[in-house]
Structures are given as structure tokens and as C-alpha cells.
Amino acid sequence: MYAEGVAVMAGRIRDEDIALVRERTAIADVISEVVTLKSAGGGNLKGLCPFHDEKSPSFNVSPARNVFYCFGCGVGGDAIKFLMDAEHLSFVESVERLAARAGIQLRYVEDDRSAPRPRPQQGQRQRLVAAHAAAVDFYRSQLTTAGARPAREFLAGRGFDRSAAERYGCGFAPDGWDLLTKHLRQQGFTHDELVTAGLSRPARSGSLIDRFRRRLMWPIRDITGDVIGFGARKLFDDDDGPKYLNTPETPIYKKSHVLYGIDQAKREIAKQGKVVVVEGYTDVMACHLADVPTAVATCGTAFGGDHISVLRRVLFDSDERAGEIIFTFDGDAAGQKAALRAFEDDQRFVGRTFIAVSPDNMDPCELRLAKGDLAVRDLVARREPLVDFALRHVISRFDLDTVDGRVEAMRRAAPLVAKIKDREKRPEYVRKLAGDLGMEIEPVQRAVLNAAHGPQAGGAAPAAPAAPARPGRATPAVDSPRSMVEREALKLALQEPVLAGPMFDAVEVTDYQHPVHVAVRAAVAAAGGASTATGGAVWIERVRDACDDLAGQALIGELAVEPLRIDGEPDPRYVSITMARLQWSSVTGRIRDLKSKIQRVNPVSNKDEYFALFGELLSLEQHARALREQAAGGL
Ligand SMILES: [Zn+2]
């Protein structure tokens with residue numbers, strides 16, 4: 001397939017070819033290979049941004065304009081830009097990839113200089129992927145040879161026939177030092193390319209040898225279906241390497257991101273809103289063949305945060321729609337440990353996490369072999385919420401027949417309940433835990449509360465201890481950070497008008513949210529503004545007279561005497577921080593409203609309005625960033 005060798009040519013792609021690639025590329029198709037997109041109305045699509053971490057979708061794609069834009073992080077552009085950012089490709093590589101997709105033959109403009117200059121980065125990914133594609137063919141052809149008999153026996157012994165082996169591209173790395181290396185060198189791949197790809201490695205003699213020998217090979221594909229690495233299983237007793245050997249980290253193979261089977265599973269994962277995480281290549285195959293098409297596996301590494309990010313984008317996991325992630329483990333200690341570790345990650349994963357543990361300690365591959373396809377589907381169907389699993393596991397270590405055992409089990413279990421993100425579910429788990437332990441609800445509840453609040457002390461407010469509560473007053477509660485900062489700004493205007501006046505007056509009444517605060521702010525303006533005041537009782541009286549709101553009048557008296565939330569004397573920096581925090585709250589609220597408005601505007605029929613809102617949004621976001629810096633005030 002890789003015959004024309006265009007990518008190694010020095011030179012520039014012709015401009016008209018680049019234009020043609022843009023024109024023939026449907027951006028939604030390209031992006032939906034990585035991000036699950038849903039309708040956002042007005043012909044637009046949205047999904048979870050692949051460039052920043054988010055819980056609700058702000059990543060928008062406009063098929064009509066052939067562009068994408070993220071309201072969350074501001075990244076945007078065309079399909080070429082998307083591939084450059086998402087796949088870390090160069091411009092040329094992105095164009096080449098899209099051209100191949102659209103069946104466009106690219107033409108290159110030769111550089112003026114006659115000797116082609118080597119450009120190592122140009123088309124590197126293409127070259128490495130091409131080398132892997134050639135390696136897949138090579139290993140596959142070896143699977144039918146006499147020496148590959150143990151590989152065929154291994155597959156047959158796991159219940160995989162020839163068509164299954166072909167579907168997953170299984171192959172055999174033959175017995176020999178450099179058979180693959182020689183084969184690929186003949187196809188024009190360079191020494192450096194084979195080493196960079198992780199397919200070959202230099203021997204002590206300096207010559208190049210195959211990385212994988214005498215092993216059963218699984219090609220590992222990225223989400224778009226390109227082969228980027230291999231998993232290799234030991235077949236012979238005299239092979240003293242590890243049971244499984246994987247491609248090392250390369251420019252295209254990052255094991256913390258790779259999920260085996262994701263290329264085949266992604267559509268079903270998106271459709272069903274769930275994913276099944278298994279442990280090995282054979283488990284993925286067994287699940288898919290048993291009609292659990294959503295199975296994927298990590299490759300030689302524990303399931304981690306990067307895997308979660310990859311899956312969340314496919315799942316479209318968001319606050320509105322929770323995706324389900326199901327871990328299968330065989331019941332041994334390692335599996336249980338892995339499950340509990342997954343619980344740590346669960347806090348980042350909005351979706352619900354489940355554990356499916358095979359009762360006979362069999363993995364999905366063994367289960368399918370012993371009990372058939374139905375048993376595999378059953379295993380997944382019998383999943384249990386991770387929290388339940390973790391609690392049961394913790395409690396099982398203690399002797400609940402003794403008081404000491406029950407109390408200790410409660411102490412260990414309480415932090416898990418306290419970690420449950422969904423606060424509404426906590427009381428339910430407190431009751432369940434109390435029932436499982438055979439204890440009263442109250443002590444369990446107390447233990448959970450202690451675990452939830454124990455380690456946290458001191459908030460983020462750059463201030464002195466909170467003002468003493470004054471029950472019975474008809475004033476706004478100091479319950480939210482926003483309310484608190486509004487209150488602080490008003491105190492500065494009333495108590496320190498000379499210091500705070502100009503900065504206070506510059507922030508408009510519309511930046512205040514609480515109705516009583518709005519009334520007091522308006523009264524300050526009606527009294528001539530804080531910058532005209534010299535302070536003291538006369539100023540307070542003037543503001544009170546200008547206030548026509550009863551609750552406002554009462555609040556003015558209170559704010560005039562309530563201590564500021566700062567140790568020592570207030571200074572300009574404190575005023576600046578307070579006013580910036582006040583405006584920041586207001587600006588972020590306006591950004592939220594604007595984003596929602598933009599999503600409702602049709603960019604095709606209301607192009608002008610769309611761009612106007614867009615411009616407004618960009619400047620507001622810039623403003624918000626500036627305010628946040630000001631609010632941080634070097635603290
Ligand atoms: Zn983003």
C-alpha cells in the first residue's frame with residue numbers, strides 16, 4: 001500500500017492540493033473518529049474537548065463551515081489543524097493523512113536546491129505507521145508456517161479459529177535474528193525508522209535485530225485503526241523473556257493512552273454508552289466474539305487517567321449523560337487491588353463505575369471457553385457498583401462478630417463512603433454500611449462525616465476568620481463566596497471610601513447579584529459615589545438616606561461596623577483583589593450565558609450575529625483571565 005514514497009520526498013505540497021484536501025474533507029467525520037459528537041442544534045455538533053479536561057461538552061464542530069471551536073479552551077480551526085493538535089502531527093503529515101482518506105494524490109513542489117534535504121520530522125508518523133502495516137503483513141504470513149505451530153495451537157486452545165485470528169490480525173514472529181528487519185529494509189525503511197518504530201533494535205555487534213522473536217503477535221491499533229505497536233506473547237518454555245512483551249514508548253505508541261480493541265469497539269461504546277475494560281488481548285477477542293463488542297484492554301500498563309480521558313471522549317461522558325464503565329477482574333488479589341485502585345480514578349470519572357468479578361476466578365477468555373458466549377455476557381450483566389464492591393472487600397477483612405472488628409471495619413469503610421461524589425447517594429450507603437456491619441446508623445454517619453471533613457481546614461479566602469454570625473438579622477446570608485465578596489466590597493465603600501472609592505465606583509451595579517447588595521450599591525451611587533466621600537458617620541447617613549430599600553438600610557448600618565476580612569489595615573491591593581473577585585464572578589456568569597446563547601444561534605443563517613457573539617465572548621474571556629490574575633493578587 002505504501003509504494004509511492006511521497007512522504008520521504010523533500011518539498012512542499014502544492015497549494016491547490018491542500019485546498020482540495022480541505023474541500024473534500026468532512027471535518028465531522030475526522031473528528032468523530034476521536035470524539036463522540038452529538039447534535040448541538042442549528043446543524044452544529046458538540047462533544048467533550050480532546051484538548052482540555054471537561055465534564056460538559058463545549059467542543060463545537062460546524063460541518064457547514066468545516067471548522068471546530070472549543071468554548072472552554074479556545075482551540076479551533078479546520079480538519080488539518082485538528083489532526084495537528086489531536087495527533088501531534090506536522091502540517092504536512094496532517095494533509096497527507098487527510099489526502100489518503102479522501103483518495104487524493106498529492107503533488108509536491110520540488111525545492112529549488114537540487115539535493116533533497118532530509119527532513120526527519122516530515123511524514124515521520126506516516127513512515128512509522130507504514131512500517132507497522134508492513135510488519136503486520138509479514139507476521140501474518142508467518143502464522144501459517146511450520147514454525148508457527150505453537151502459535152496456532154495457542155489460539156485454537158483459547159477458542160479462536162482462523163477467522164478470529166484474521167479479524168485481529170494475529171501473527172507470528174519467526175525464529176531468527178533479523179527476518180523482519182531484513183524484510184522491512186528491503187521495502188525501503190531505514191535503520192533509524194525501524195529503531196524509532198520499536199520494531200528492531202541494535203545488537204551489541206551494531207547490526208540491527210528484530211525486537212520480537214518466536215512470539216504470537218497482536219497488532220495494536222490506535223482509535224483510527226492505524227497499527228502503532230504490537231503485543232507479543234511468549235510461546236516457548238526456553239524463552240526467558242516476560243510472558244507478554246509490548247512495543248516500547250515511541251513517537252506513535254504511548255502506552256498510557258493505548259487501549260487494545262478501541263478501533264473496533266468505539267462505535268458500540270458510543271452507541272451503548274458503556275465500555276468494558278478487560279485485562280488482555282485474548283479477553284478483548286473473547287468478549288467481542290461473545291457479543292460484548294464494547295470491550296477494550298490496556299496494553300502492559302495499569303488503567304489510568306489518560307485512558308479515562310480517551311474513553312470519556314468516546315463515551316460522551318458528561319453531567320447530562322453518564323457513561324458506564326465496567327471493569328472485569330478475575331477474583332484474585334491482584335484483580336481486587338486493581339479494582340480498588342480504579343476507585344481512586346473514579347473521582348475523575350463522572351460516569352458510573354462497575355466491577356464484574358467472575359465467580360470462578362476466570363477471565364473472560366477462560367469463561368467463554370469453559371461455559372460459552374452466554375456466560376461472558378452474563379458476567380458483564382452481573383456487574384456491581386464499584387462502591388459496593390470496594391465496601392464488601394474492605395469489610396471482609398474484619399471479624400464482624402467482635403465489637404473491635406465492627407468498629408475497625410467501620411473506620412476503614414467510612415472514607416470510601418465519604419468519597420462518593422454523588423452526595424445524595426451517601427445516606428443510602430451509610431444505611432447499607434450500617435446494615436452490613438450490624439451497627440446503628442448514627443455512629444456510621446458520624447464516621448463518614450469525620451472522614452469527609454477531617455483533613456480539610458482553612459478555605460481559599462485571603463482573609464481573617466469569618467465575621468461572627470448574627471442570627472435573626474434580615475440580611476443576606478454569608479453563604480456563597482460571591483455573596484461574601486459583594487459584602488466585602490460594600491464594606492470597603494462605606495468604611496474606607498477614600499481608599500476604595502475610585503475602584504469601587506468603577507465597578508457597575510450590574511456586577512452585583514444579591515438584590516439587597518444591588519440596593520446598597522445603587523444607594524452609594526445615589527449618594528454621589530464613594531470617591532466623593534471623606535468617610536465617617538456623615539457618609540454612612542448619606543448612603544442610608546439615599547437607600548429606598550428597607551433591608552438595604554438595615555444592612556448599611558451593619559456593614560458600616562462589621563470588621564473587614566483582612567488582618568491589619570486595608571490597602572489598595574486588598575481593594576483591587578476584592579473588586580477583581582467581584583467582577584470575575586459576574587464575568588464568568590456572563591460567559592456562561594453567552595456560550596449558551598451562541599449554541600442556540602445558527603451560524604449559517606445568522607452568520608453576522610454568530611460572529612458578533614463570538615467576538616464578544618473572546619473579549620469577555622480575555623477580561624476574565626485578566627481579572628483572575630488580578631484577583632490572585634500574587635497571593
Ligand atoms: Zn477545549
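Tutor: Ideal angles at a metal are 109.5 degrees for four tetrahedral donors. Here the zinc ion has a tetrahedral site, with angles of 103 to 117° among its four donor atoms; four donors count as tetrahedral if all angles lie between 85 and 135 degrees. This is a predicted model, in which local features need pLDDT of at least 70 and side-chain atom pairs count only at pLDDT 80 or more, whereas totals for chains, interfaces and linings use all residues. Residues are numbered from 1 along each chain as its sequence is written, and side-chain values use heavy atoms, with hydrogens and water left out.

Student: Which protein donors does the zinc ion have, and how are the donor residues spaced in sequence?

Tutor: Donors are N, O and S atoms within 2.8 Å of the metal (3.2 Å for Na, K and Ca); water is not among the atoms, so sites may look incomplete. For the zinc ion they are Cys49 (SG), His52 (ND1), Cys70 (SG) and Cys73 (SG), at 2.0 to 2.3 Å. Their spacing is C-x2-H-x17-C-x2-C. His52, in the loop between strand E3 (44-47) and strand E4 (59-62), and Cys70, in strand E5 (residues 67-70), are 18 residues apart and link distant parts of the chain. Helices (H or I, at least four residues) and strands (E, at least two) are DSSP runs, numbered from the N terminus.

Student: At what angle do H20 and H25 pack?

Tutor: Two packed helices are described by the angle between their axes and the distance between the axes. Helix H20 (residues 481-495) and helix H25 (residues 572-600) pack at about 140°, with axes 9 Å apart. The axes are lines fitted to C-alpha atoms, for helices over the stretch in contact, and angles run from 0 to 180 degrees between N-to-C directions. H20 and H25 are therefore oblique; angles under 35 degrees count as roughly parallel, over 145 as roughly antiparallel, 65 to 115 as roughly perpendicular and the rest as oblique.

Student: How do the axes of H25 and H26 cross?

Tutor: The axes of H25 and helix H26 (residues 607-632) cross at roughly 155° and come within 8 Å. These helices, H25 and H26, are therefore roughly antiparallel.

Student: What of H14 and H15?

Tutor: Helix H14 (residues 364-371) and helix H15 (residues 373-381) have axes that cross at roughly 135° and come within 6 Å. That makes H14 oblique to H15.

Methods: Four donors count as tetrahedral if all angles lie between 85 and 135 degrees; four count as square planar and six as octahedral if opposite donors are over 155 degrees apart and all others between 65 and 115; anything else is irregular.
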